[in-house]
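Thanks for coming. I will take one model today and go through a metal site, a helix pair and a hairpin.

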Amino acid sequence: MNPFKFYNPTTLYYGKGQIEAHLAEEVTKYGKKVLLVYGGGSIKRFGLYDKVVGILQNAGVEIFELPGVEPNPRLTTVYKGIDICRKEGVDLVLAVGGGSVLDCSKAIAMGVKFDGDVWDVYQRKVQAHDALPLGTILTLAATGSEMNAGGVITNWETKEKLGGGAAPYTFPKFSFCDPENTFTVPRDQTVYGICDMLMHSFEHYFHPTPNTPLQQHLIEAVITTIIENAHAVLENPTDYDARETIMYCSTMALNGMISMGLEGDWASHKIEHEISAIYDIPHGGGLAIICPNWMEYVMDTNPERFANLAVRVFKVNPEGKSQEELARLAIDKVREFFKSIGAPTRLADYNIGDEHLERMAEQAVRFEPIGHFKKLGKEDVLAILRKCL
Ligand code: NZQ
Ligand code: ZN
């Protein structure tokens with residue numbers, strides 16, 4: 001393992017009835033003025049908006065609103081939120097929605113306390129060292145943003161999509177995860193969420209750090225559980241147990257608990273962000289396309305790791321098979337799984353051709369070579385993107 005410090009200060013409320021029981025108490029710890037941030041209206045359609053507003057009003061909280069956060073949230077929306085917070089003297093940012101709403105809220109919370117342009121933080125020009133308190137109510141299982149300090153923002157003018165944050169300040173102070181709030185997530189978004197949490201697990205699983213036996217088993221458990229429950233949640237979107245399990249997997253896949261002391265790969269994520277920066281496609285859909293192609297490209301680095309995936313997760317019988325054969329079977333199984341849940345398999349599924357591949361490859365490595373399992377330069381990224389066409 002690498003030497004590590006683990007710190008995750010988010011108070012997590014999981015399950016039914018927690019919002020009714022604890023939201024007012026959590027919010028009022030931080031003050032009486034709240035910026036309520038949400039997306040394109042799903043929370044109004046399924047009743048969560050009324051519930052949250054009712055609880056806040058009963059607690060004497062003054063509510064300011066920032067609706068309309070886009071999937072792949074935009075920097076311009078972040079600026080709007082910062083302006084409201086500064087003008088109204090907001091005490092707490094409350095994000096109600098999916099990963100995009102949560103990420104936008106993190107950027108707002110950080111930007112309010114930042115003396116300069118918050119985009120500079122995402123561009124790695126400067127670091128932020130403070131943020132307004134942030135709370136979240138999650139409505140889509142995917143990103144893990146409810147229990148991590150990172151967020152991803154798109155600058156649509158420059159076609160850049162960058163991750164950033166200011167740990168520990170941008171960890172949510174509290175997050176409410178009620179699986180019932182994910183019952184209305186449409187089938188395609190449920191699929192993208194599953195792809196995203198699975199890819200977070202793979203990003204951790206494929207790493208170069210020695211001596212991580214428990215981490216490998218923990219990650220395998222998350223991968224196995226996602227795969228075991230994916231079809232149930234797609235066949236019956238109101239299956240509470242399946243939604244609960246999938247939601248818990250998404251939180252665990254990216255809150256630091258399964259990945260202590262190891263250096264995850266993250267090249268696939270960086271490549272995906274370049275695709276959605278230009279084409280505005282759903283993050284999980286892009287990952288499903290990249291994942292098996294990236295796997296094939298890097299497999300030779302450590303076939304044994306892929307062989308473990310085949311045997312321990314996909315229960316392939318190893319008898320008479322070489323590590324390389326097992327590794328290939330693991331990748332076949334990953335492809336099969338994505339196909340079985342109806343995830344996209346090629347960039348052509350989003351009508352994406354080869355027009356911008358050069359730019360995407362160049363941008364993906366703009367700060368440094370990407371990937372820790374295998375380091376990738378521009379030509380490597382280009383080769384992977386070509387395989388995705
Ligand atoms: O905008 P509304 O009307 O709310 O509709 C949303 C949106 O259209 C809808 N939705 C969410 N909850 C719903 C619902 N519809 C019905 N019922 C519900 N309960 O789903 C659509 C997609 O929402 P979005 O928030 O964009 O999805 P997701 O949670 O997958 O977030 C994706 C964003 O997170 C970033 C991605 O890059 C992307 O920008 N990521 C954030 C990470 C993090 N903070 O740690 C890590 C990830 O790797 C990822 O990069
Ligand atoms: Zn992701």
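I start with the conventions and then take the metal site.

This is a predicted model, in which local features need pLDDT of at least 70, side-chain atom pairs count only at pLDDT 80 or more, and totals for chains, interfaces and linings use all residues. Residues are numbered from 1 along each chain as its sequence is written, chains are lettered from A and ligands numbered from 1 in the order in which they are written, and side-chain values use heavy atoms, with hydrogens and water left out.

Which residues coordinate the zinc ion (ligand 2)? They are Asp 196 (OD), His 200 (NE2), His 269 (NE2) and His 283 (NE2), at 1.9 to 2.2 Å. Donors here are N, O and S atoms within 2.8 Å of the metal (3.2 Å for Na, K and Ca); water is not among the atoms, so sites may look incomplete. Along the chain, the donor spacing reads D-x3-H-x68-H-x13-H. His 200 sits in helix H7 (residues 187-205) and His 283 in helix H11, so the pair ties together parts 83 residues apart in sequence. Helices are DSSP runs of H or I, at least four residues, and strands are runs of E, at least two, numbered from the N terminus.

His 200 is buried, at 2% relative accessible area, and His 283 is also buried, at 15%. Buried means under 20%, exposed over 50%, partly exposed in between (1.4 Å probe, protein chains only).

Now the hairpin. Strands E6 (residues 150-155) and E7 (residues 160-165) pair in the antiparallel sense over six bridges; pairing takes at least two DSSP bridges. Ile 153 has Leu 162 in E7 as its bridge partner. Four residues separate E6 and E7, and Lys 159 in the turn has a positive phi of about 55 degrees.

Last, the helix pair. H11 (residues 283-298) and H13 (residues 323-340) pack at about 170 degrees, axes 10 Å apart. Axes are lines fitted to C-alpha atoms, for helices over the stretch in contact, and angles run from 0 to 180 degrees between N-to-C directions.
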